[in-house]
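The exercises that follow are meant to be worked through with the structure in view. Try each task before reading its solution.

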Amino acid sequence: MKKIFNSSPILYFSAAAIVVALLASMSAASHFDPSKKWFSRPADSSGIVLVKNAGGPTLGYSTKSGVKILTVDGLAFKDLNKNGKLDKYEDWRLPVDERAKDLAAQLSIDQIAGLMLYSAHQAIPAMSGGPFGAGTYNGKRFNEGGIDPADVSDQQKSFLIKDNLRHVLVTSVQSPAVAARWNNNVQALVEGSGFGIPANNSSDPRHSANTGFEYTAGAGGTISQWPDELGLAATFDPVVTRQFGSIAAQEYRALGIATALSPQIDLGSEPRWARINGTFGEDPQLDADMARAYVDGFQTSTGDAEIKDGWGYNSVNAMMKHWPSGGPEEGGRDAHFAYGKFAVYPGNNFDEHLVAFVDGALKLSGKTKMVSAVMPYYTISYNRDKQGNAGNSYSKYLITDLLRGKYGYDGVICTDWMVTADEGKTPDTFLGKSWGMETATVAQRHYKILMAGVDQFGGNNDAGPVIEAYNMGVKEHGEAFMRARFEQSAVRLLKNIFRVGLFENPYLDVENTKQTVGKPEFMTAGYNAQLKSIVMLKNHDNVLPLQKSKTIYMPKKYFPSVKGFFGPPSKERWEDAVQASLISKYFNVTNDPAKADYAIVFVSSPSGGAGYDSDDLKNGGNGYVPITLQYGAYTATDARAQSIAAGDPVEPGITNRSYKGKSITAANYNDLKTIEETKKAMNGKPVIVAITLSKPAVLAEFEKDANAIVAGFGVQNQAILDILTGAAEPSGLLPFQMPANMQTVEVQNEDIPHDMICYTDADGHTYDFGFGMNWKGEIHDARTTKYVGIVTKPQFHLKGNTVTLTCATPGTKIYYTTGGLTPAFVDENEYKHPFTIKKGTVLKAIAKKFGVDNSSIVVLVKN
C-alpha cells in the first residue's frame with residue numbers, strides 16, 4: 001500500500017489549506033474535530049499515522065509505539081514521553097536550543113550515555129557473517145531465508161533499547177525501498193522507548209561511480225553517481241560541489257540518513273597517503289572553498305523544506321573530517337594501523353592544515369553558518385600537544401583549546417571508529433586504534449576523550465564504558481560537574497536531531513524514496529560532474545578527439561591481488577577494461593593491433609603498498625618499507641635515515657621506522673608492461689592511456705610511450721570514452737602535483753603542499769597543481785587565476801655568487817635551504833638578506849603566507 005506522506009515529511013499548511021484538505025478527505029474517513037487546527041488520516045498498512053497542522057509541521061508517529069497526539073492551542077504535538085502533557089522538547093514552536101536543553105535535563109545518565117554512542121557498521125539487511133554489519137533475526141541469519149530484509153536485527157534492537165543508542169552508521173542497503181522500510185521500523189521501535197528520541201542514521205560517502213555502469217539520459221539508477229572527492233576538486237568549481245551536496249542530501253534523506261560522515265577535508269600534502277583520494281587535494285584555499293560548498297549543499301534546506309536558519313527536511317548534518325588533518329602521515333602510512341599512527345610536521349606547516357576547517361567548513365556561505373559535526377583522525381599529531389602525544393581525540397589542546405576555544409566551535413565532536421578499543425597484536429592488524437593510550441583501560445580511554453571535550457564515540461555500541469567513565473569523573477570532580485558535562489554533550493547531539501525535523505516525523509514514504517534516489521536529473525548532474533572532472537594531461541599532435549567507429553585495440557586490464565582489512569587477499573586477474581556492450585557503441589574493437597587505428601590502454605595508479613611488510617620483519621628488518629608512486633622497481637636511497645616518530649607497545653625495541661635503502665615494486669607493475677607492449681605492438685600508431693588516479697603518480701615511466709593521456713578520479717568508463725571521442729571537451733585540472741621522480745617524493749615534507757619538482761613531458765608541459773588541457777591546449781581561465789599561484793614562486797636574483805630572493809605576493813616570507821633539502825618554515829631557514837653560495841650548491845626556496853598557502857618550490861643549481 002502506498003504511504004500517504006513524503007520523505008521530506010514536515011510541511012506547513014495554512015488554515016485555508018487545512019479546510020480544503022478536510023473537505024477532500026471526508027470521504028476517506030478522516031478523523032477531524034472542528035475545534036482543532038489539525039487533522040489526520042487512519043494509519044497506513046505499517047501503522048504509521050500522519051497528522052497535519054494548520055500553519056505548522058506535519059507529524060508522523062507509529063501506532064505501535066504507544067505515542068499519542070496532544071492538542072494544545074488547537075495544534076497537534078506528539079506526546080513522546082507519554083506523560084499526558086506537553087513538554088518543552090515536544091513543542092515544535094520553541095527554538096531548537098531550548099528544546100534540546102529541556103530534554104537533556106530530563107535524561108538519565110544511562111540515556112545520555114546512549115546518545116554518546118555511534119554504532120558499528122550496519123548493513124541492511126544484516127550480513128550473515130563477517131566483521132562488518134553481521135547480525136541475526138530471532139537467532140537466524142538472513143541467508144537462512146524467510147526474513148524481511150527491512151526487519152530490525154537482534155543486535156540493533158539490543159543497542160537501540162538496552163544501550164539507548166540513537167546514532168546508527170548504515171553501510172550497504174539492499175535497495176532504497178528496503179532502506180526506507182528499515183528506517184520506519186527502527187523509528188517506530190525507538191519512538192516507543194523512553195523519551196521517544198529518533199534515530200539519527202548516518203552514512204559514509206556512497207555516491208562513487210561504478211566504472212562499468214552505463215549512463216543513459218533520462219534513465220534513473222540506484223543512486224546518483226559522482227566522481228571521487230578528488231574528482232570534485234579537479235573541477236576547480238565549488239558550484240559543482242555544492243550541487244553534489246544538495247542532491248546527495250535529498251537522496252540521503254529519502255534513505256532515512258540525516259548525518260553524512262563527510263566531507264573529508266584533510267589537506268592532501270603527503271602524496272603517498274592512501275586516503276588522499278578522499279580529499280579535495282593539496283591546496284588549502286581550494287580545499288576550503290570545496291569544503292564550504294560541500295557542507296552548504298548538504299546542510300541547507302530552502303523554500304517549503306526549510307524549518308529555520310537554513311535547517312530543514314532536506315538538510316543532512318555534515319561531519320567534517322579529520323580534525324586537525326590526517327594528511328601529513330609519516331612516509332604516507334595510514335593511521336588505521338599502528339604502523340601509520342603518526343602525523344608529522346617536518347615543515348612546521350600545521351597552520352595550513354587548519355585552513356579548510358576554520359576558513360571553510362566553519363565559515364559557511366549558507367544560513368546554517370557552521371558544520372554541525374567534527375571527526376578527529378586516528379593520528380597522533382606528533383608534538384603538537386605539549387602535554388603529550390596521543391591520538392587527536394584524546395588531546396584537550398586540539399579539541400577544547402584549539403577547536404572549541406580559539407575557533408569557537410560548539411557543535412558535536414565524534415571520535416573516529418574504534419579509537420577506544422584495544423589494538424591488535426601486530427602493527428598491521430586491523431583492530432582498535434587507541435594510539436598513545438594503548439596501555440590504558442577501555443573506560444580510561446573514554447574518560448580521557450570526554451575530558452578532552454569530545455561528545456561521541458564512533459563504532460561503540462556498548463554504553464558500559466561510557467558509564468564507567470562517568471563514574472570516574474564523579475570520583476574526581478563530583479556528580480554535579482559530571483552531570484553538567486554529560487548534559488553539555490547531550491544538548492549538542494540532540495540539536496542535530498531536532499533541527500532536521502526528525503522529532504516531528506522521522507518516517508519515509510517508500511514510493512517517494514524510490515522516485516527520489518537515483519532520479520534521472522540527479523543521475524545527469526552526477527554524470528556531467530564526472531565529465532568536468534577528467535583531466536587531459538597530454539594530446540600530442542592533437543590526436544584527440546578520436547573518431548567514432550574507428551577500429552581500436554584495447555588490451556585487458558590487470559587487477560593485482562590486494563589485501564583487505566580482513567580475510568585473504570583478492571585473487572589477481574585480467575579482465576576486459578571496458579564492457580564489450582559499451583565500447584562497441586564507440587568503436588570497432590580488434591584483438592589484432594595490426595588492424596587497429598588506435599590503441600586505448602586503461603590503467604590505475606601504481607599500487608605502491610602500505611609502507612609495512614611483515615615479511616621484512618621476519619627477515620630481520622623493522623617491518624617498514626617504502627610506498628612507491630611508480631610502477632617499476634624503486635629503492636629508497638633518499639629516505640630519512642631516522643624516522644621522525646616511532647614507538648608502539650606491539651613492536652618493542654623499534655625506535656626507528658626508517659625504510660632507507662629498501663626496495664619495492666608496484667603490485668600492478670603489469671600496467672606499465674601493458675603500455676610498453678602495446679606501444680611496441682602498435683608500431684607507431686597512436687596509443688592513448690586512460691589512468692585512474694587515486695593519488696599522484698610518476699608518469700615518467702610511460703609518458704613517452706603515450707600519444708595522449710587522460711586522468712580520471714573515480715569516474716565511469718563511459719565518461720572517459722565521451723572525452724576521448726569529443727562528446728565532451730576536457731576541462732579538469734590537477735588537484736595535486738605529479739612528481740618528476742621518487743627522489744622528489746622522498747625529500748618533500750609531509751606537511752607542505754606544492755613542494756615537489758613536477759614532471760615535464762615531451763611536449764614541454766609541466767604536470768603541476770592546476771594543470772590541464774582542452775582541445776586548444778593548456779587551460780588558463782578564471783579557475784586557474786583564482787587557485788593557481790595564490791602565493792607566487794620566489795624569484796632568484798644571482799649576481800656573481802650573491803643571491804637575492806624576492807616574492808611578488810604581499811605578506812609572504814621566503815624560506816630556503818642550500819643543501820638540497822626542502823625548506824621547513826622555521827626561523828633558521830627564513831630569508832632575511834642576500835647571501836653567497838658556492839659552485840654546485842643546490843638552492844631550494846618556497847614562499848609562504850601564514851594561514852593562507854605557500855608557493856611551489858623553486859630550485860637553483862649554482863654552476
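**Exercise 1.** Which residues of β7 lie on one side and which on the other, and are they buried or exposed?

*Solution.* Keep in mind that this is a predicted model. As a starting point, in a regular strand the side chains alternate between the two faces of the sheet. In β7, H121 and A123 lie on one side, while Q122 and I124 lie on the other. These four residues are all buried, which is to say under 20% relative accessible area, and both faces of β7 are therefore covered.

**Exercise 2.** Work out where β7 stands in its sheet and how β7 is joined to β8.

*Solution.* Begin with the order of the open sheet of 7 strands, which reads β7-β8-β9-β10-β13-β15-β17 with parallel pairing. Because β7 (121–124) and β17 (412–413) each have a single partner strand, they stand at the edges, and one side of each is left without a neighbour in the sheet. Next, turn to strand β8 (residues 167–173), with which β7 pairs in the parallel sense over 3 bridges. Across this pairing, H121 stands opposite L169, and I124 stands opposite V173. Finally, follow the chain through helix α4 (residues 154–162), which together with β7 and β8 makes a right-handed β-α-β unit.

**Exercise 3.** Describe the second largest pocket and its lining.

*Solution.* The space in this pocket is about 690 Å³. Its lining consists of 31 residues, and V96, K308, D309, W311 and R499 lie nearest the centre. Elements giving two or more residues to this lining are α2 (96–106), β11 (306–308) and α13 (479–498), with the largest share, 4 residues, coming from α13. Sorted by class, the lining has 14 nonpolar, 5 polar and 12 charged residues.

Conventions. Residues numbered from 1 in each chain as written. Predicted model: local features only at pLDDT ≥ 70, side-chain atom pairs only at ≥ 80, totals over all residues. Heavy atoms only, no water. Pairing = 2+ DSSP bridges. Buried < 20%, exposed > 50% of the residue type's maximum accessible area, 1.4 Å probe, protein only. Right-handed = clockwise from strand over helix to strand, strands pointing away. 1 Å grid on protein atoms, 1.4 Å probe; cavity = no way out; pocket = protein on both sides within 12 Å on 5 of 7 lines; lining within 4 Å. Points joined across faces, edges and corners; volume = space filled by probe spheres on them. Nonpolar A, V, L, I, M, F, W, Y, C, P; charged D, E, K, R; others polar.
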